[in-house]
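Colleague: I have a few questions about this one before I set anything up. Can we go through it?

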Amino acid sequence: MKISVIGTGYVGLVTGTCLAETGNEVVCVDIDEEKVKRMRSGEVPIYEPHLDVLFERNIEAGRLTFTTSLKEGLDHGVIVFLALPTPEEEDGSADLKYVLGVSEEIGKLLKGYRVIVDKSTVPVGTSEKVKEAIGKHASHDFDVVSNPEFLREGYAVDDFLKPERIIIGSSSDRATELMGKLYKPFVRSGNPVIVMDEKSAELTKYAANAFLATKITFMNEIANFCEKVGADVDKVRIGIGTDSRIGKRFLFPGIGYGGSCFPKDVKALHKSGRDSGYEFKILQSVIDVNQRQKTILIPKILAHFQGDLKGKKIGVWGLAFKPETDDIREAPALYIIEELLALGAEITAFDPEAMENVQRKMGDRIAFADGMYQPLENADALVICTEWGVFRNPDFTKMKELLQDAVIFDGRNLYDTDEIRSEGFGYYSIGRGQEGNHATNT
Ligand code: UDX
């Protein structure tokens, strides 16, 4: 099929590339000329595992091309995906200026029947607005479909190629049939294509993300309580996760959720509720608890150093909001670093992928290390903010030699408390009893 994707951000690129991989002819449109030039030469503008291989292969095969011309995109694809940014406004709502601006342009450029697909995460009712915006100028038939993405950063290619479900919000049989045909190769395993009305599809995306954010936040609160009463959240997690109604996944406590989706989507759903006269009390709590959780290590660090961090050298492992991405949006590491700097600490950080992004944001306010052990040199403590694989099984002997004070503040519960203490480290983690959160190396 001939497909166009408007917007080559994270979602657009993965969508375009994966659709080309299943034999479709895909044209990706972006207004950024420089980016289009780079993509044409085979450069993937984001870090996402496995995307580069598919990207290169499909460009070479001529199935994946790039243009800055919206007209070219519209002339090409019978299905046109909108994968445009919906930035968070100050009041938490999603700004639709890109989605609606492009929709108006589409209306002017339509030359024949097109299915316009909302792939961005957009508030309930957006498909109606898109329909209106296109309809203002359109002299040809078109349908608007809501088809939210459920792509995790770091696993986006796999999530796209093997989705657990496809949600299609459509009130047109013609559009539903075309969408079903497009997605057929991805659901051969029997996973469902669920067709519903547009509004329910739009809300499905928000409800899924808000539910997952709530699940994590609930566990973070249980973890905090564990520390008060001397229980171990790892045991509680395993205990409750075996109940199939709860499930094992997304129960890992830590220093809060971050990234481009959960924080923005929870706030946007909360705001949509207010706008419709409904107060989502649970979501307000999720927002508040998550904000507090991001810096939950700070009181532990302060207590360890008797309230004085002036001139303390702190090494940081992990800057990205989660492993396998260079994304630092709403990353807990940045909140922790800001607080540590404000308290007078000096920071040297290492992250396998995200250092350039942080340097762009923070300049030389912190130092960046060449390798993972460098931040430990003569440091007074190590703070772990992201659970990258390389941090899971490090050379503890080397770490002890390098650190001035062998103490670790672990925001991701990477190590077994007893084991790390027997290695001679002071170890503070999240929710694993009062004991585990006291330094024992002195
Ligand atoms: C998420 C959704 O999973 C995806 O379906 C949606 O389309 C986009 O948002 P993503 O933001 O890439 O994807 O990351 P995800 O792996 O879901 O993790 C989100 C956040 O939750 C991260 O900050 C992660 O560290 C945190 N998390 C996750 C926990 O703190 N504990 C867990 O048990 C799981």
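**Ligand shell, domains and helix packing**

Modeller: The shell around the ligand draws at least three residues from each of domain 1 (2-196) and domain 2 (205-293). Keep in mind that this is a predicted model.

Colleague: How many residues surround the ligand, and which are the closest?

Modeller: There are 18 residues around the ligand, and the closest are Glu153, Phe252, Tyr257, Gly259 and Cys261.

Colleague: And by class, what does the shell around the ligand have?

Modeller: Ten residues of that shell are nonpolar, four are polar and four are charged.

Colleague: Back to the domains. Into which domains is the chain divided?

Modeller: The division gives domain 1 (2-196), domain 2 (205-293) and domain 3 (295-436). Taken over C-alpha atoms, the centres of domain 1 and domain 2 are 29 Å apart. Eleven residues from domain 1 and ten residues from domain 2 make the contact between them.

Colleague: What classes do the residues on the domain 1 side divide into?

Modeller: On the side of domain 1 that touches domain 2, five residues are nonpolar, three are polar and three are charged.

Colleague: Changing topic to the helices. At what angle do helix 9 and helix 12 cross?

Modeller: Helix 9 (residues 198-229) and helix 12 (residues 281-294) cross at roughly 55°, and their axes come within 9 Å. That angle makes helix 9 oblique to helix 12. The crossing of helix 9 past helix 12 is left-handed.

Colleague: Which residues meet there?

Modeller: From helix 9 they are Ala210, Ala213, Thr214, Thr217, Asn220 and Glu221, and from helix 12 they are Ile282, Leu283, Val286, Val289, Asn290 and Gln293. The residues of this contact divide into six nonpolar, five polar and one charged.

Colleague: What about helix 9 and helix 11, at what angle do they pack?

Modeller: Helix 9 packs with helix 11 (residues 262-275) at an angle of about 110°, with the axes 9 Å apart. The two helices are therefore roughly perpendicular to each other. Helix 9 passes helix 11 with left-handed geometry at the crossing.

Colleague: Which residues make that contact?

Modeller: Helix 9 contributes Tyr206, Asn209, Ala210 and Ala213, while helix 11 contributes Phe262, Asp265, Val266, Ala268 and Leu269. Of the residues in the contact of helix 9 with helix 11, seven are nonpolar, one is polar and one is charged. Ala210 and Ala213 of helix 9 are listed here, and they also meet helix 12.

Colleague: That leaves helix 10. Is the crossing of helix 9 past helix 10 left-handed or right-handed?

Modeller: Right-handed. The axes of helix 9 and helix 10 (residues 233-241) come within 9 Å and the crossing angle is roughly 135°. Helix 9 and helix 10 are therefore oblique to each other.

Colleague: Which residues are involved in that contact?

Modeller: Met219, Ile222, Ala223 and Cys226 of helix 9 make the contact with Val233, Val236 and Arg237 of helix 10. The contact of helix 9 with helix 10 has six nonpolar residues, no polar ones and one charged.

Note on methods
Residues numbered from 1 in each chain as written. Predicted model: local features only at pLDDT ≥ 70, side-chain atom pairs only at ≥ 80, totals over all residues. Axes fitted to C-alpha atoms, helices over the stretch in contact; angles between N-to-C directions. Helix = DSSP H or I, 4+ residues; strand = E, 2+ residues; numbered from the N terminus. Parallel < 35°, antiparallel > 145°, perpendicular 65-115°, else oblique. Left-handed = near helix turned anticlockwise from the far one by under 90°. Contact = placed C-beta atoms within 7 Å. Nonpolar A, V, L, I, M, F, W, Y, C, P; charged D, E, K, R; others polar. Near = placed C-beta within 6 Å. Domains from an automatic or database assignment.
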